[in-house]
Amino acid sequence: MAAVAEVSVDAAAVNKLDSIPKSDSEFNVQKLVDMFTKLNPLAKEFFPSSYSHHDHPHQDYIQFSPNNFVVNNKPSANDNFPNNRRRRNSFNQGRRRLNGRTIKAQRDDSIRRTVYVSDIDQHVTEERLAALFSSCGQVIDCRICGDPHSVLRFAFVEFADDQGARAALNLGGTVLGYYPVRVLPSKTAILPVNPTFLPRSDDEREMCTRTVYCTNIDKKISQAEVKNFFEAACGEVTRLRLLGDHVHSTRIAFVEFAMAESAIIALNCSGMLLGSQPIRVSPSKTPVRPRVARPTSI
């Protein structure tokens, strides 16, 4: 209640200032400031009933200054309000849900624009397959998967719109190579290739012709063992990148040969055992770029 009394005194002082001539008001402003600095902002009348000293120990850090009414040199107690935390968490959760819905909508749209093609002849290339389906609409991506020596190879073809995908279903039964292909609506979308990994020049496109992409590599196999395996079977390896993480049970590798013929021979290694796992080998869409040395800090 002492604080309320002080506020009443200060209000009376303000009313008194109104009756003082303008020439004297500037002189009394400093007195008014001095009065306000004597107020105790920690009095319970200045805080809402929901405020708890136990929950907000930082209130002891509020200090007074003759030039500023309240100075807080440490984090405000308001930063620790549980309600504020809940509001922030709710906002972040809402943003994640919105991003998740956006990603799902984009994936569903991509699935509608994609067809699944099976029974692909081993001599059919992605370029030839894309050329077949280009009569249905603009093909923006084409991926052939599976063992290159098996008639059980399959592919995913993505169009610019879903009309092209619907038209592509009519090509089921078309003989491509030695076998009629089967075309069905896809249940999955094509995982996009990071555009920064794609070849950027004619030299890098030439590097891709000499590079293979190898998957299902046993984690116990070292990079030197992978290199020795391909050099013994195919030819000189000029660059090799072995990748893996703690999530997947196997590793992948990009193997660049000195000659394009060696890369073609390497495709025949698909299904061969390297360690305890049969590897899968396919042409690479990305070159193996030399590692850029990071500048050492002095």
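Reply: Happy to! Let's begin with Arg-205 and Asp-202, which form a salt bridge with their closest N and O atoms 2.8 Å apart; the term means a side-chain nitrogen of Lys or Arg within 4 Å of a carboxyl oxygen of Asp or Glu. This is a predicted model, where local features need pLDDT of at least 70, side-chain atom pairs count only at pLDDT 80 or more, and totals for chains, interfaces and linings use all residues. Residues are numbered from 1 along each chain as its sequence is written, and side-chain values use heavy atoms, leaving out hydrogens and water.

Both partners sit in helix 6 (residues 202–209), three residues apart, so about one helical turn separates Arg-205 from Asp-202. Helices (H or I, at least four residues) and strands (E, at least two) are DSSP runs, numbered from the N terminus. Asp-202 is exposed, at 58% relative accessible area, while Arg-205 is partly exposed, at 43%. Here buried means under 20% relative accessible area, exposed over 50%, and partly exposed in between (1.4 Å probe, protein chains only).

Now look at Glu-256 and Arg-239, whose side chains meet in a salt bridge at 3.2 Å, N to O. This pair links distant parts of the chain, with Glu-256 in strand 11 (residues 250–257) and Arg-239 in strand 10 (residues 237–243), 17 residues apart. Glu-256 counts as buried at 4% relative accessibility, whereas Arg-239 is partly exposed at 27%.

Shared partners also matter: salt bridges join Asp-109, Arg-112, Arg-113 and Glu-158 into one network. Asp-141 pairs with Arg-143, their closest N and O atoms 3.1 Å apart, and both of these residues are buried. By the salt-bridge rule, the count comes to 11.
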